[in-house]
Structures are given as C-alpha cells and as structure tokens.
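Dear colleague,

I am handing over the structure we spoke about, and my notes on it follow below. Please read them with the model open beside you.

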Amino acid sequence: MAPTLSNHRREEAAVGAERGFLRTYEPEVRRQLGALWGKSASKGGGRSNLLLSHLLDTAAVAECIWDFYLAPSVRRTLDVVAGGRGKGRALFAWVCGVHDCGKATPAFQRMDEPGARAVQEAGLSWDRHLVERYRWRHDKAGGKLIRGLLEGAGWRAEQCEWVWPIVAGHHGFFPSAGDLREPRAARGHLQGRGASWAQVQRAVVEVFSERLGFEGLAAVEPRELPSRTAQLQLSGFVVMADWIASDERFFTGIDDLAQVSIKVARERAAAAWSALGLRGGWGDLDLPSPEAFRDRFGHGPRPSQLMVLDAVGRMGGPGLLVVEAPMGEGKTKAALAAAEVLAARFGADGVYVGMPTQATSDPMFGHVRKWAAGIGDGLESQVALLHGKRMFNREWQELLQEAGESPDDVFCGIAEDEDEYGMSGPFGADAQDVPERRAPAEWFLGRKRGLLSPLAVGTIDQLLFAATRTKHVMLRMAGLSGKVVILDEVHAADVYMSQFLKEGLRWLGQAGVPVVLLSATLPPGQRRELLESYVGGEGKESASGPEIPEPDGYPSVTAVWGTEQGVGHLVEDTQPWRGDLSVGVEVLPELARQQTDEAGSPGDATVARLLEDRLADGGCALVIRNTVARAQATFQTLRAVFGEEVRLLHGRLHAEHRAERTQECLELLGPPREDGPSRPDRLILVATQLAEQSFDVDADLLVTDLAPVDLLLQRIGRVHRHAGVVRPDRLREPQVVVTGFAPVEGRAPWILPASEAIYGRYLLLRTAALVLASEGQHWQVPGVVPQLVAKVYGDAEHLVPEPWREEEAQARAAWQAEQARRARAAEPYLLARRGEQGQTTLEGLHFGGMQNGLDEAAFQAMVRDGEKSTEVVLLSRDERGYRSLGGRWLGVNGEVSTDLVEHVLGTTVRLPTALTEAAEAELRPLDAWQDHPWLRYSRALVLDERHSAQLGGCTVRYDKQLGLVVTRKPTRQ
C-alpha cells in the first residue's frame, strides 16, 4: 500500500501539478493568462486580481457554500445531476467559478487602462475604435464563450444549453440565444478575433477546470439534466459566490500568475466566510421525538395538530400541505412542528414563514425564534425579520445592537444601488475578533439577500417577489431552496395576488421544496388551483379531479406530492379543539336613502340605537366598517353617545398611534391574564378590515358591514373567542349583526356602493342571500364554515331568490370578467410567461422583464393589487420652524436629533392610493434630512398649525382621534 501523504505534502503536490499543467501551454499563452485581469486595482485593494484568480476565488467560496450552507436536499439534487454521490460539490464549484469567463474578451479587458496595456503587451490586441464605440457585456460574452467551448469539448447539446444561460445571466437577467450576437458593425471584435484570443479563452476555462481537479473540460459534463428551478436556484448561488468573492477586503488582488492557486483561493475563501459569520440552518435534522411538541410549545398537541403531524409523517415525498382550521386552533404551531418533520425526512435546512402583513410578521418573528431555540442551541440567532418596517421592531433592533452593528448600516448602507455588491458595512474584522452573533450575518441583510438567511420571517410578499420576472430573482429563489416554506392566512390572497402565489408554488413544486399553507378555510376552487400549481410544477399529471376529494370535516388537511407514478395525496379531517359556537345571525337594514359615508348618517344612528339597547347592561362590541371614511364617521356618531367608551382602529392612523391603540385593544379585549388589565364593563371598538385576521380580541357582539362570506366568517371569529370571559346576560350567546345593505321588495338588495367597489357585487349578493336566509337562526361556527364558503363560491343554484337571479347573472358575468382581467394584469410580471412552463432552461427568462430599482412600495403594488401607495412622515410648521406632530421642536430646517428620530418616524402614515401620484410629485424629504440614513428616504407632509394641508386637490388633516382625514375639494359647477 502506498504511503499516505501528509496534508502539507498533498498541498505541495497539488500546487506542483497546477504549475506542471501550465507548462503544457506555449509561453505566449502563459504570458497572456498572467495578464488577463478580473478585478481592476481600484477594486482589488491596490493590485489587480487576475481573471484566473477571481474564478478560483469564486469556486473556493462556492465550496464553502456547499460545505457550510447548502441544505442536504440541495446537495443531493446536485449529486444526482453530477452523476453520483459526492460529485455535486465539484460541479457546483465549477459552475460558480466559471461565471466570469466572458471577461477574457477585448470588450472587458479594455475597460481599465493599466490592465488593458498589460494585456496588449502580452500579445492580445483589438480594434480600439470599435471596442470603445460598442457596448458588449461580459456576462453575455461569457454565455457565448462557454457555449462554444462546451460544444467543442463534446458536451451533449442539452447539457450545453442549460449551462450557458447561467453564465450569461449572472448579473441578474437571463438573455435569449439571440442576445448573444454582438452588434453587427463590431461583430467578432468585441468577443475577440483571431487565434490568440481563441487560444487564451480556451486556456482560461481549461486551466480553471484542471485546477478544480477535473481531467479536462469534457470531464466536467454532468450526467443528468437539472430541473429549471434547480437551474434558477443554482444561478442564485453563483451570484452569492461571486458577490462574496468580489469583496476586496478578503480577496485582495493577485497579479502574479505564479501565486495563483486553488490552495490560496481556499485559504482566502475560508477567512472571508469566517469573518462574515456566514452559516446555514440546522443541517441534518433528526426526526423529532414524540415529546418535541410539548417541549417547543409548553403543551401537548391538539387533535388538529396531531392530524397535521400524522399527515407529514405519511407523505411519500416533499410536497404541499394545506391546513384548514378555525381561528385559535393552533395552525401556526402545527406548521412549525410539521416543518421539523418535513426537514428531517426530506433534507431541508431552514424555514421561511410568510405572514399576510408586516404587523402580523412582528409577533411571529418572536414565536419562530423561540421555536428555533428548541431545535438547536443558538439557532434562534439565525432568524431574520424581512419587511420594510423591521427597523421599528424592538426585538430586531436589540438583536442588531447586541451584535455590535449600527442599524444605520444594516438598514441603509448595504441597500445602496451604487454599491454593486452591497458590501458596505463594518464587518471587515479578523475572524477571531468577530463577537458571537445574536442576529443573522449582516451579509444576509442586504437588499435582495434576505431570503438567503437560514431562517426568516416576513410577509408573503417575499415569496410573491420570487415569482416575478425581475432582476436577481434567482437570489430569492435560491433563498427558498432547501427551506420549508410556511404561508399563513392564504385565504387573504385575492385573484391578482393568487397569480403570483400559484406561480411561486409551481417553481417550488418542481424543486421539491416542502410548503405548508394555512387558512381558516378556502373555497374549493382555490384549494384545487393551489394543489394543481404545486404538482404541475413537478411535471406530474394534474391534481384535479375526483382522485383528490374535498375534505369531509373541519379542521382538515390536504396533502399532495410527486411520485414516479404521478401524484400522491391524502385528505384527513378531525374534530376542532373547541366545540362549535352557536352564533345568532341578524340583519340591520341600511336603507338606500342612507347612502352616505359622512359623519352623522342615518345608518350610524341606527347602529348607535342598536348598541344602546344591546349594551344597556354592559358588554364589549366590535363594529367593522369596510372603509376608513365610514369607520371614522361611525366613530364620531358613537362617541357622541358613548363618550370615552369608544375606540377607533384603522390603517390611516400614523404608526405610533396605530401601535398604541392596537396594543391597548389587545390588552383590554385579549385573552384574560392575571397580570393584565381587567376587561372593561362596556367598550365599543370601531375598526376596518384590520380586525379580520391575526387580531386576537374577543367581543361579546359583532356589528359588521356586509363582506364576502369567508371574510364575514373571519370577522365572526372575533366573537366569544376566549374562554373564561364573564359576559352580560343579554350577550351570553354570540351574535353577529350584518349591515351595510338592505333588502328591496321584488328585486336584489341595495348594497353599500363603497363595499361593491372593494369586493364586487356578485359575491356580496350571494353572501347577502345567505345572511337573509339565516336571519333569526344560528350558524354553528366553525363546523359550518366549509359549507357556507362552498355555497357562496361554488356553483350552487337557487342560492339567491328568484327575483334576484337576473341581477345575479349580470353581477356574475361582471365578476368573472373582472377576475379574468386582474389575472391577465398579473401576467406581464410573472416569472414564467404563459405557455412557458414546459421550457427546460433559463434562456430568455427575462424577456420583457422589469429593470432593477423597484422600491418596496413598487414591489408590493406589483404583487398585491397593482396600485402603489405612499407613506409620508407628518410634521407641523409655524413661523419659528418645524415640530413633530407630538409638538417636539425640530429646528428651523427640520433637523432631527438622534433621540427624536424614532419619534418622528413614528408619525409615518400611508396615504390613500388616490393621492400617490400627487405625493410623489409634490412631497420630498426635508433638506435637513438629506444625509440622514433613515429620513433621507422619507417624504415629509408638512401640516399647518391646525394640522391640515392641501395635496392633490384634497384637504388632508390629521386628527388625534380620527387619524388621517381626507376631504376632496368640491368641484365648481
């Protein structure tokens, strides 16, 4: 047996082999290899970094990503592609490293004068006039170059065709094959003409491949074709590796070819990885013990939670799990427990939890951190919070401060577009000087990189963004790879958002990413579409049809996954944790003559009389209105009757007021606590749709505007929500009073126009018919929830009375047309165009895609309702200067001291969408804010001494009780 070499001798042998391989090239080629640069001296710490050095640096970083970051499931997928266990690592490093081969072209080498001179002196030349006149990007040049080299090395066509788009797309956009043609007038000159260029370009890729351990370029060829999603995720990791390897603090220039080696690159990569504090999630996870649920959450699993855990234990592969259960059933805990099982069974290495709003993301961030701490020591430190207002989350702020970071750097510095690699920030310390972190590595917190964090909580928008044809979308999809994705309250997604949700599920299904969807209930058609989208992404036959039945009971779980034969599935249901509530249903007609949203309307007076009667002996009522203006008007009317016993909560309160009132409502009407305030004898909370979801308050009585049945049931979930609450005798039985509409003899009812503008007439008509038919009866909630939703959303005939049916048919046609229009409106932004699902490569993925530079508001408009809204900071101004809305003096020019920043930003409020255009045209940050890291992005709405201003033809006024009041100026006749 041959003696075993020591590590030192192995490294010496490897370096010797590398140098020996170089000697097989002519001296001229070696000289040219020693001149081609990849990073200029200005970006290499004062010395240029040779192109070969940068390729090896990137490959070495990729090896760190493989060893310390990639999920087991991703590594297994790439092993299969490469041709066997353990082979994926070398292929992964090669694909990441070869990305910049297109820099071996005149179009790139001429861009740095000292570098260009050295290249020309080495014997490589170009037509200076043509090369400087015409633009030719090195990413496209690389796609063209690698395509030709792989074909020349004998690679199969199908293998060549998926690799070149990854090289050509590593700056964020995937071009089509036609885009690889240089401008006609300079064809050949930009890519490199003549034998010398062809020879050195081949040498760059061959030497790089040999130094990674391949016997030649032909030996790199994979055995299997990766799925399109796997290619997209791999492309994201190419970008990740490139960005890390482009940090000059860790990868200073090496301009001597004799010093370039894979050994040196690996040393540099290891130092960078350690200093940046990068890591993956939990790695290989063991199946949780039967006691794990109690350990994580402090109590044993309820029947519905056991049902979910049983389902994920029986799934035949990674798939989609739809959990439908009533509010308060513990769906989120079930989903987190299920994520552990799915991760252990299928090799996931982290989790992404997507919530419907920023407000619901904040408490979930704390819950996920506690859960993660139970899985592994210190794992809670890897949970990132991803939404635009995370700077105001105190837990997140404290974690960053404990990690020794400045929020200014985290929130603003690395978000600067002029910083190509987003590497600003104070993390260039030596590895041994980096303190133990209690927050994810700062590198993960940069713009576009949040989903790469090992564990993350944010809004559902993060997943929806990953389904858009936008620049660097591959980073978002890479961030979702190897995770279990949990999305809460998916019933809140309308037809427009659902297009992005379904698109995201198609890509995740193809990648085998386990997904858990949570909902109070889903219309059967929506559930079916979600299931079909996921398994359709796997390339399996449709999940529709009788083979996947509807759940018989409630709560329920429906699971699908891909098998070699097609699609596997299971459907289960169980009894809810708590028994049904018998909710009395009443109608409070709002006559057509009451069609005003103004204060003091007869409709508000009717509600006031009802509440005077029902709350005569005390009690707590929740009044939900469908618009802010209507809620404000109702509040004013009720305040005149009940005084201080009335509260108001809606989305046009500024951030500080909204947070204070939300917290107050939760304390007064939340779950009974020994250390909390006592429940008031009488209280009325007037709110908008904010109260529909993730709002844990308990009302004795609900008065609500008419809304589609699923949302109506969500609102009913706030009635008699908690056990142990002492209620007045008259309110011992839960009651819902539905208003905002009124029956009309012999025809369909009148419905509040503002409600129709939000929800459309069709679903409101069918819900109204259901409510009127149930008046004086009781709904057994939650047991009856699936049947009620199916009635309204399904094709059930005769739901509406005969006199309504012609109007219902007209409303249905209008609704269907609007649904189709909104679905079409989303199509231009979807990651894959219609009919493109069968494509096998990333070629042309970004054809017609959007450029970079969209801010978060624009992204939200893209994936939610297409309407962009704007936030402003409210200030007041008098003859002396500026003050905060709370009266704090700011200065003549609006200067904000450090101790007042949070106070000033706390007066941020979102304007109605109708004022967005005017706000963007008329409002700017104050001059004194231009250099402030937070305030420089904030538009100031300056109010007069009466807290009023003119904007977009409207009077905008902020009232401490009402919030933002918008009044349109009367039009002159």
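In α16, the residues K331, A334, A335, L336, A337, A338, A339, E340, V341, L342, A343 and F346 are buried, where buried means under 20% relative accessible area with a 1.4 Å probe and protein chains only. This is a predicted model, in which local features need pLDDT of at least 70 and side-chain atom pairs count only at pLDDT 80 or more, while totals for chains, interfaces and linings use all residues. Residues are numbered from 1 along each chain as its sequence is written, and side-chain values use heavy atoms, with hydrogens and water left out.

Because 12 of the 16 residues of α16 are buried, the helix is largely enclosed by the rest of the structure. Just after α16, G347 takes a positive phi of about 80°.

Leaving aside neighbours within four places in sequence, W371 is in contact (heavy atoms within 4.5 Å) with residues including L336, A337, A339 and E340. W371 and W94 touch the most other members of the largest nonpolar core, which has 194 residues; such a core is a set of buried Ala, Val, Leu, Ile, Met, Phe, Trp, Tyr and Cys residues joined through side-chain atoms within 4.5 Å. Helix α3 (residues 51–68) gives the largest share of this core, 11 residues.

Turning to the strands, β14 (residues 682–687) has 5 of its 6 residues buried. β14 pairs in the parallel sense with β12 (residues 619–624) over 6 bridges, and A687 is the bridge partner of I624.

With best wishes

Terms used. Buried means under 20% relative accessible area, exposed over 50%, partly exposed in between (1.4 Å probe, protein chains only). Helices (H or I, at least four residues) and strands (E, at least two) are DSSP runs, numbered from the N terminus. Two strands pair if DSSP finds at least two bridges between them.
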